[in-house]
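Please find below a short note on the structure under review. The points are numbered so that each can be considered separately.

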Amino acid sequence: MARSAKKSAVAPETRGPDIPRPTQPKRYKASKEELLKLYREMLLIRRFEERAGQLYGLGLIGGFCHLYIGQEAVAVGLQSAMTVGKDSVITGYRDHGHMLAYGIDPKVIMAELTGREAGISKGKGGSMHMFSVDHGFYGGHGIVGAQVPLGTGLAFKHRYAEDGGVCLTYLGDGAVNQGQVYEAFNMAKLWDLPVIYAIENNQYAMGTSIKRSSAEPLLYRRGEAHRIPGLQIDGMDVLAVRGAADVALEWTRSGKGPIIIEFLTYRYRGHSMSDPAKYRTREEVQDVREHRDPISHAERDLLGMGVKEEDLKAIDKEIKDIVVEAAKFAEDTPEPAPSELYTDVLVGSY
Amino acid sequence: MPVELKMPALSPTMEEGTLAKWLVKEGDDVKSGDILAEIETDKATMEFEAVDEGKIAKILVPEGSEGVKVGQPIAILAGDGEQVSAPAAESVSVEQPKPASAETPSVPEPASQQDEATPTPHVFETAARDLVADVAATHDEPEVPEGTPLVTMTVREALRDAMAEEMRSDERVFVMGEEVAEYQGAYKVTQGLLDEFGPKRVVDTPITEYGFAGVGTGAAMGGLRPIVEFMTFNFAMQAIDHIINSAAKTNYMSGGQMRCPIVFRGPNGSAARVAAQHSQNYGSWYAHVPGLVVIAPYSAADAKGLLKAAIRTDDPVVFLENELLYGQHFDVPQLDDYVLPIGKARIVRPGKDVTIVSYSIGVGVALEAAQELMTQGINAEVIDLRTLRPLDKATVLDSLRRTNRMVVVEEGWPVCSIASEIISIAMTEGFDDLDAPVLRVTDKDVPLPYAANLEKLALIRASDVVEAAKAVTYR
């Protein structure tokens with residue numbers, strides 16, 4: 001009898017038009033200096049994470065600790081294309097590597113892992129909850145997939161403020177099955193927000209392989225229903241990652257809206273420190289280590305460019321020193337004062 | 001035979017409406033599905049369609065008429081060749097709208113003409129009407145310096161004004177949610193905001209609570225000041241992960257580095273006959289969470305002053321409104337910038353014999369009970385908590401010190417409730433002031449039933465508050 005007004009006639013369509021897509025990215029042509037920088041950053045993450053694993057074994061790091069070993073090329077390649085101070089970054093709980101790649105001091109990251117006052121979150125966040133607003137690094141989120149709407153919100157802010165920034169939102173092959181991811185995809189495309197969804201497909205969501213969890217294992221296609229184009233990239237090659245980052249940044253900065261990049265990568269360690277990784281064979285891990293390791297890959301490239309082995313050894317030594325110093329700092333620096341228990345709950349006083 | 005077309009009930013809370021426009025005139029032939037008129041309800045403008053074929057023989061209520069009661073004949077439809085005589089005179093009279101109580105509920109008129117071709121629409125039975133009646137029957141003075149001019153407005157208008165004022169003064173403030181822009185708000189709370197601020201700042205979202213709560217939270221982390229409207233807080237269950245895990249905990253987890261200045265707002269609590277999945281009070285759920293500010297105002301003045309404060313604060317705020325209160329009129333101070341402090345309860349009615357603590361629509365019930373208690377020689381003090389977190393313990397305990405007796409009234413479930421918390425505070429921090437155990441009057445401990453009689457049994461009633469107050473005063 002009564003109704004809100006709105007009438008529409010829908011003609012059935014069997015097949016929609018294809019969506020606009022970017023050109024296939026090319027491997028980035030890095031100068032020797034550029035590649036050395038990327039190499040150094042990847043090595044820093046590798047050595048940092050190895051040390052974090054040791055400290056965990058010594059009982060100095062508690063709780064959950066998710067290591068990034070094996071995936072270094074993704075964060076390093078992507079971050080190298082971002083502009084600190086203009087763009088924003090958000091990720092899940094496997095976040096140490098992303099922070100290091102973004103140039104955040106290893107000491108304050110390690111001190112957060114050991115739960116010290118000098119940690120980047122004053123020791124209150126721990127491994128999964130680290131932030132550096134100054135760097136445009138918005139965490140560090142412990143709920144699988146939550147960073148995807150949050151990152152879409154950061155992109156909303158970039159567009160709202162017209163600041164030219166892009167939000168790089170990382171997610172894994174586990175998060176990609178969360179419902180909220182698709183809610184975010186829908187709004188991102190509806191409003192053409194400047195956001196890059198970087199899916200780090202390391203093949204295992206905790207212990208469940210992609211084959212056992214995903215009806216569509218080609219994760220770069222997960223945006224198709226929302227008209228978001230996707231690329232699939234070798235995530236074990238830092239220059240391939242960088243090449244994809246440039247294409248994606250140009251796509252989003254030019255107002256074309258969101259884009260998905262699936263990076264095929266691999267983690268050598270368990271899901272977290274307490275994971276014995278029984279769901280895959282030693283041979284599988286060993287095979288990736290020997291044939292696809294991102295750091296070895298860059299090493300070969302560098303040697304081919306005329307870098308000497310002793311130069312690489314010198315870098316390794318330098319990195320080790322940085323990590324040792326970070327670990328020592330993280331062990332020696334004090335825990336938060338008991339009074340910190342009640343600070344930072346609310347900003348205002350009421 | 002001619003058919004009387006009657007004013008339809010077009011929303012759960014509609015008792016009367018405005019016949020905004022006739023789209024037909026006398027003598028027009030109409031067929032089923034033709035739009036006859038536009039009718040404004042308390043929520044929206046609706047089209048009124050013909051069900052039967054015929055000729056518009058007479059228009060009984062002219063367009064522009066306000067306060068047309070549900071069930072009142074508005075036109076007469078004649079079949080082919082039928083003659084129409086004028087209807088009984090009393091059924092065509094249009095009541096003048098009463099400005100201060102246009103939405104004051106009335107007892108529904110019984111359907112008088114049972115043998116008619118169309119059944120008479122009538123206002124349906126609901127216990128929600130009793131809650132609203134308690135609000136309408138009591139008075140609430142706003143908290144202002146003496147001599148401040150007052151203006152009467154609804155809670156709905158007060159909320160809208162609060163948002164509009166803050167949006168005018170701060171570019172970072174924007175509103176997002178379902179139907180907030182082009183539809184003008186599912187409950188009309190955001191009415192007019194799109195016209196003034198445009199689609200950039202008044203953002204319609206898809207039906208995707210989890211998603212847009214996350215998008216809003218991310219935007220707040222990035223430095224904006226979002227107001228996220230939930231059509232009702234029942235739907236925020238889909239989004240509660242972002243409210244708690246993302247918004248509430250961020251400042252602490254980041255060691256004070258990352259702020260999340262966001263307001264999640266929308267109607268909370270029972271409405272009228274909408275049953276279990278649309279009738280829950282989430283006050284204690286959110287008040288449980290450190291890192292959140294939780295506000296649940298009663299009056300229009302508090303709604304305005306506290307929403308402005310909520311938008312300005314650097315903390316995430318859950319702002320619990322009440323659908324039944326949206327249409328209620330209150331005095332609101334006419335000030336350029338009326339902002340109230342968060343975390344301060346208010347003595348709505350001073351008294352000396354017993355303290356009745358409540359919030360949101362429960363305050364109306366408490367005030368109604370206090371009026372009744374006065375006739376029985378018990379002078380009750382009524383406290384409106386207004387903010388549920390941080391809770392103003394001092395005001396509650398100070399009142400207890402003076403009255404030594406306490407009743408908590410809460411339109412919500414009893415277990416692990418705000419009432420439970422107040423009782424705990426009274427016991428641990430006011431034990432020596434207690435002359436009787438603190439009692440609580442809450443909704444019954446069941447999902448809210450649909451049936452009118454069961455709904456009535458489930459919701460709080462002023463008479464129960466009177467009984468509780470008499471029990472704690474041993475009368």
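1. Basis of the note. This is a predicted model, in which local features need pLDDT of at least 70 and side-chain atom pairs count only at pLDDT 80 or more, while totals for chains, interfaces and linings use all residues. Residues are numbered from 1 along each chain as its sequence is written, and chains are lettered from A and ligands numbered from 1 in the order in which they are written.

2. Overall form of chain A. The secondary structure of chain A consists of 11 helices and nine strands; helices (H or I, at least four residues) and strands (E, at least two) are DSSP runs, numbered from the N terminus. Along the principal axes, the C-alpha atoms of chain A fill a box of roughly 75 × 60 × 40 Å.

3. Burial and contacts in chain A. Of the 350 residues in chain A, 52% are buried. A residue is buried if 20 or more other C-beta atoms, placed from the backbone, lie within 10 Å of its own, exposed if 12 or fewer, and partly exposed in between. Among contacts in chain A with a separation of 6 or more, 77% join residues 24 or more positions apart; two residues are in contact if their C-beta atoms, placed from the backbone, lie within 7 Å.

4. Helices 1 and 2 of chain A. Helix 1 (residues 32-57) of chain A packs on helix 2 (residues 72-79) of chain A at an angle of about 135°, with the axes 9 Å apart. Axes are lines fitted to C-alpha atoms, for helices over the stretch in contact, and angles run from 0 to 180 degrees between N-to-C directions. Helix 1 of chain A and helix 2 of chain A are therefore oblique to each other; angles under 35 degrees count as roughly parallel, over 145 as roughly antiparallel, 65 to 115 as roughly perpendicular and the rest as oblique. From helix 1 of chain A, A:Leu38, A:Glu41, A:Met42, A:Ile45 and A:Arg46 meet A:Glu72, A:Ala73, A:Val76 and A:Gly77 of helix 2 of chain A. By class, this contact of helix 1 with helix 2 of chain A has five nonpolar, one polar and three charged residues. Ala, Val, Leu, Ile, Met, Phe, Trp, Tyr, Cys and Pro count as nonpolar, Asp, Glu, Lys and Arg as charged, and the others, Gly among them, as polar.

5. Helices 10 and 11 of chain B. Helix 10 (residues 393-403) and helix 11 (residues 418-429) of chain B pack at about 60°, with their axes 11 Å apart. This pair in chain B is therefore oblique as well. B:Lys393, B:Val396, B:Leu397 and B:Leu400 of helix 10 meet B:Ile422, B:Ile425, B:Ala426 and B:Glu429 of helix 11. The contact of helix 10 with helix 11 of chain B has six nonpolar, no polar and two charged residues.

6. Helix 4 of chain A. Helix 4 (residues 106-113) of chain A is mostly covered, with eight of its eight residues buried. The cover includes helix 1, helix 3 (96-101) and helix 11 (309-332) of chain A. One of the residues in helix 4 of chain A is A:Met110, which is buried, with 29 other C-beta atoms within 10 Å. Not counting residues up to four places away in sequence, A:Met110 touches A:Ala52, A:Ala326, A:Ala327, A:Phe329 and A:Ala330. After helix 4 of chain A comes A:Gly115, with a positive phi near 75°.

7. The contact between the chains. Chain B contributes 47 residues and chain A 38 residues. On the side of chain B that touches chain A, strand 5 (45-49), helix 4 (209-221) and helix 5 (240-253) of chain B each supply at least two residues. Helix 4 of chain B gives the most to that side, with 10 residues. The residues of that side of chain B divide into 20 nonpolar, 20 polar and seven charged.

8. Helix 5 of chain B. Helix 5 of chain B is mostly covered, with 10 of its 14 residues buried. The cover includes helix 5 (147-161) of chain A, together with helix 4, strand 13 (263-267) and strand 15 (317-321) of chain B. Just after helix 5 of chain B, B:Gly255 has a positive phi of about 60°.

9. A loop residue. B:Gln191 lies between strand 10 (173-177) and helix 3 (193-197) of chain B, in the loop. B:Gln191 is partly exposed, with 18 other C-beta atoms within 10 Å. Leaving aside neighbours within four places in sequence, B:Gln191 is in contact with B:Arg160, B:Gln184 and B:Gly185.
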